[in-house]
Amino acid sequence: WWRWWSPGDSSAGLRGRHVGERSHHCALLKLAKNIAMRQRVALSCWLAAACAALQPAARKPTPRTRRRSSEQTDPVLEVERLENAIAASTEPDEQKELAEKLGMSRMSAEMSVLSANAAFYDAFQSCDVAKMKAVWSDSDDVTCVHPGHPLLSGADRVLNSWRALFASAGGMPKLEAQRQRVVLRGSAAWVTCNEAPEGEPSALEAINVFERRDGRWYMVHHQAGPVFVQQPPQ
């Protein structure tokens, strides 16, 4: 390789020119590769932007769609919707399918009523005024009839009656709700049950009425009275 740069070699100039041309070609080839790569990158970016522009933009949920979604998940509203759909349908197959869905929704709705009823007796057994206040509606038309007592009306009077009972000597008996039966009528529901100490025969008959508001059941009436005539179990 030393002959390429030897001063005594007469062909050094020619060979040096060949080296220069080859270096020039290499530089041009490298430049062409860089330009091609930049073009590919630019084309990829353009294609990505075009695909993004063609895709439909995700729409934000409106208050109406959010309300519709919450209504669809509310079993109480679903019961009413399915009942209306069955009444309007004239196809036996469709009615059968709707009736099956209605049975599932009604079961869920009744369970939500029983959950509210259980919260009432939990507040009763724990003598917790805050829990009892959370169970009841805060409207002025709520009513309550304690065993052997006159009717009480209004949220304040009802809550004060529970406060006085909880503070009484000896506390409250540990009553359980037995033989519960739920009746559902749109946004209203009531539970009939027997109130009895744990493991003992029924001592009181009770009815608890609830009103549905903002996706939750609130008690609007409670009435309990002693049982003097024992009935055989149904």
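Tutor: We need a definition to begin: a nonpolar core is a set of buried Ala, Val, Leu, Ile, Met, Phe, Trp, Tyr and Cys residues joined through side-chain atoms within 4.5 Å. Buried means under 20% relative accessible area, exposed means over 50%, and partly exposed lies in between, with a 1.4 Å probe and protein chains only. Please note that this is a predicted model: local features need pLDDT of at least 70, side-chain atom pairs count only at pLDDT 80 or more, and totals for chains, interfaces and linings use all residues. Residues are numbered from 1 along each chain as its sequence is written, and side-chain values use heavy atoms, with hydrogens and water left out.

Student: Which residues touch the most other members of the largest nonpolar core?

Tutor: They are V113, F120, M132, W136, W162 and W217, in a core of 38 residues.

Student: Which elements give two or more residues to this core?

Tutor: The helices are helix 3 (75-88), helix 4 (92-126), helix 5 (129-135) and helix 6 (155-167). The strands are strand 3 (175-185), strand 4 (188-197), strand 5 (204-213) and strand 6 (216-226). Helices (H or I, at least four residues) and strands (E, at least two) are DSSP runs, numbered from the N terminus.

Student: Which helix gives the most?

Tutor: Helix 4 does, with nine residues.

Student: Is M107 buried or exposed?

Tutor: M107 is in helix 4, but it counts as exposed because its relative accessibility is 52%. The C-alpha atoms of M107 and V76 are separated by 9.7 Å, and these two residues are 31 apart along the chain.

Student: Let us turn to the strands. In what sense do strand 4 and strand 5 pair?

Tutor: They pair in the antiparallel sense over eight bridges. Two strands pair if DSSP finds at least two bridges between them. Here A189 stands opposite F210 in strand 5.

Student: And how many bridges join strand 5 and strand 6?

Tutor: There are ten, again in the antiparallel sense. Strand 5 and strand 6 form a hairpin with two residues between them.

Student: Which residue in that turn has a positive phi?

Tutor: It is D214, with a phi of about 55 degrees. D214 is not a glycine, and at 78% relative accessibility it counts as exposed.

Student: Where is C127 found, and what is its phi?

Tutor: C127 is in the loop between helix 4 and helix 5. Its phi is near 50 degrees, a positive value in a residue other than glycine. C127 counts as partly exposed, at 27% relative accessibility.

Student: How many disulfides are there?

Tutor: A search of the whole structure finds zero disulfides, where a disulfide is a pair of cysteine sulfur atoms within 2.5 Å. As for another cysteine, C193 is buried, with a relative accessible area of 2%.

Student: Now for charges. How many salt bridges does the structure hold?

Tutor: It holds six. A salt bridge is a side-chain nitrogen of Lys or Arg within 4 Å of a carboxyl oxygen of Asp or Glu. Side chains of opposite charge can pair when their charged atoms come close.

Student: What is the partner of E83?

Tutor: E83 forms a salt bridge with R106, the closest N and O atoms being 2.6 Å apart. E83 lies in helix 3 and R106 in helix 4, so the pair ties together parts that are 23 residues apart in sequence. E83 is partly exposed at 35% relative accessibility, and R106 is partly exposed at 25%.

Student: Which residue pairs with D122?

Tutor: That is K131, with the closest N and O atoms 3.1 Å apart. D122 is partly exposed at 38% relative accessibility, as K131 is at 37%.

Student: What about R213: which residue does it pair with?

Tutor: R213 forms a salt bridge with D138, and their closest N and O atoms are 3.8 Å apart. R213 lies in strand 5 and D138 in the loop between helix 5 and strand 1 (143-145), so the pair ties together parts that are 75 residues apart in sequence. R213 is partly exposed, with a relative accessible area of 28%, whereas D138 counts as exposed at 62% relative accessibility.
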